[in-house]
Amino acid sequence: MTSADITTPTPSYEVLPLASPLSDADIKRYREIRLTSLRTDPDHFLSTYDQEERYTEETWRRLLDGEGKAAFVVRTASGVGDGRDTQKRGDNQADEGESFVGSIVVVAGRVLTGVPIPAAANKDRDYFLVALWVSPEHRRKGLARRLVDTSLSWAAEDARRHDATMGSFVRAPAEVFLLVAISNTVAQGMYKGMDFETVGVEELEWRGEGVWMKRRLEN
């Protein structure tokens with residue numbers, strides 16, 4: 001057999017939620033991909049590797065887990081099925097020992113503390129996307145969009161569930177906001193292609209300028 005006879009299996013991707021309460025293994029794997037993203041693309045984020053490398057396990061748990069929060073990851077398994085992308089939600093969580101190649105976090109404004117929000121946002125109603133990243137070797141496969149779409153679906157369902165719990169069945173639709181580094185024009189272009197609009201630019205004392213963008217959630 002020659003090298004020409006050897007084919008590389010086509011990777012099959014799954015977008016999965018991290019199960020709550022988070023396991024120690026999930027926190028470790030999320031920390032690994034988050035620090036890798038900050039080290040690989042430092043100009044794309046408003047946080048830094050030095051800041052988050054010092055986070056304790058309890059800090060990661062507080063940021064990722066709890067009511068009004070969800071973390072989604074992408075895992076890859078070469079040669080699964082016919083090679084087409086698959087997406088699993090609900091009870092399908094990442095297995096122990098697997099590494100992640102992409103991630104995103106979505107947080108309800110009602111549980112958000114200690115971070116700036118734009119004047120256009122309603123803290124009690126709206127949602128925020130943070131920490132979107134896909135490993136360079138797995139880009140241009142639509143994974144970032146899938147992570148965003150999954151997060152939007154979760155936020156819409158959480159908004160309906162929260163409204164029902166609070167007895168609020170008639171109110172303005174929730175919106176999703178995100179803050180992206182002004183230098184990250186690729187991400188801004190992707191978000192605009194997903195119907196996000198720019199709502200303002202904010203000067204951040206620790207990381208320069210950031211662009212606020214938003215999109216209305218589907219009812």
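**Exercise 1. How many aromatic pairs does the count come to?**

The structure is a predicted model, in which local features need pLDDT of at least 70 and side-chain atom pairs count only at pLDDT 80 or more, while totals for chains, interfaces and linings use all residues. Residues are numbered from 1 along each chain as its sequence is written, and side-chain values use heavy atoms, with hydrogens and water left out.

Step 1. Rings of Phe, Tyr and Trp (its six-membered ring) pair if their centres lie within 6.5 Å; planes under 30 degrees apart count as stacked, over 60 as edge-to-face and the rest as tilted.

Step 2. Under this rule, the count is six aromatic pairs.

Step 3. One of them joins Tyr55 and Trp60: the ring centres are 5.2 Å apart and the planes stand at 65°, so this pair is edge-to-face.

Step 4. For burial, the classes are buried (under 20% relative accessible area), exposed (over 50%) and partly exposed (in between), with a 1.4 Å probe and protein chains only. Tyr55 is partly exposed, at 28% relative accessibility, whereas Trp60 is buried, at 3%.

Step 5. Another pair is Tyr127 with Trp154, whose centres lie 6.3 Å apart with planes at 85°; the pair is therefore edge-to-face. Tyr127 belongs to strand S4 (residues 127-134) and Trp154 to helix H4 (residues 143-166), so the pair ties together parts that are 27 residues apart in sequence. Both Tyr127 and Trp154 are buried.

Step 6. Tyr55 and Trp60 also form one aromatic cluster together with Tyr30.

**Exercise 2. Describe the charge that sits over the ring of Phe45.**

Step 1. The criterion requires NZ of Lys or CZ of Arg within 6 Å of the ring centre and within 35 degrees of the ring normal.

Step 2. The charged end of Arg34 sits over the Phe45 ring, at 4.9 Å from its centre.

**Exercise 3. Characterise the salt bridges and the parts of the chain that they link.**

Step 1. A salt bridge is a side-chain nitrogen of Lys or Arg within 4 Å of a carboxyl oxygen of Asp or Glu. The structure contains 15 salt bridges.

Step 2. Arg31 and Glu53 form one of these, with an N to O distance of 3.9 Å. Arg31 lies in helix H1 (residues 24-40) and Glu53 in helix H2 (residues 49-53), 22 residues apart, and the pair links distant parts of the chain. Arg31 is partly exposed, with a relative accessible area of 27%; Glu53 is partly exposed as well, at 35%.

Step 3. In the salt bridge between Glu67 and Arg110, the closest N and O atoms are 2.5 Å apart.

Step 4. Arg160 and Glu157 form a salt bridge at 3.0 Å between the closest N and O atoms. Both residues lie in helix H4, three residues apart, about one turn of the helix.

Step 5. A network of salt bridges links Glu67, Arg110, Glu157, Asp158, Arg160 and Arg161.

**Exercise 4. Summarise the chain as a whole.**

Step 1. Helices (H or I, at least four residues) and strands (E, at least two) are DSSP runs, numbered from the N terminus. The chain has five helices and seven strands, in the order β-α-α-α-β-β-β-α-β-α-β-β along the sequence.

Step 2. Of the 219 residues in the chain, 44% are buried.

Step 3. With contact meaning heavy atoms within 4.5 Å, 73% of the contacts between residues at least 6 apart in sequence join residues at least 24 apart.
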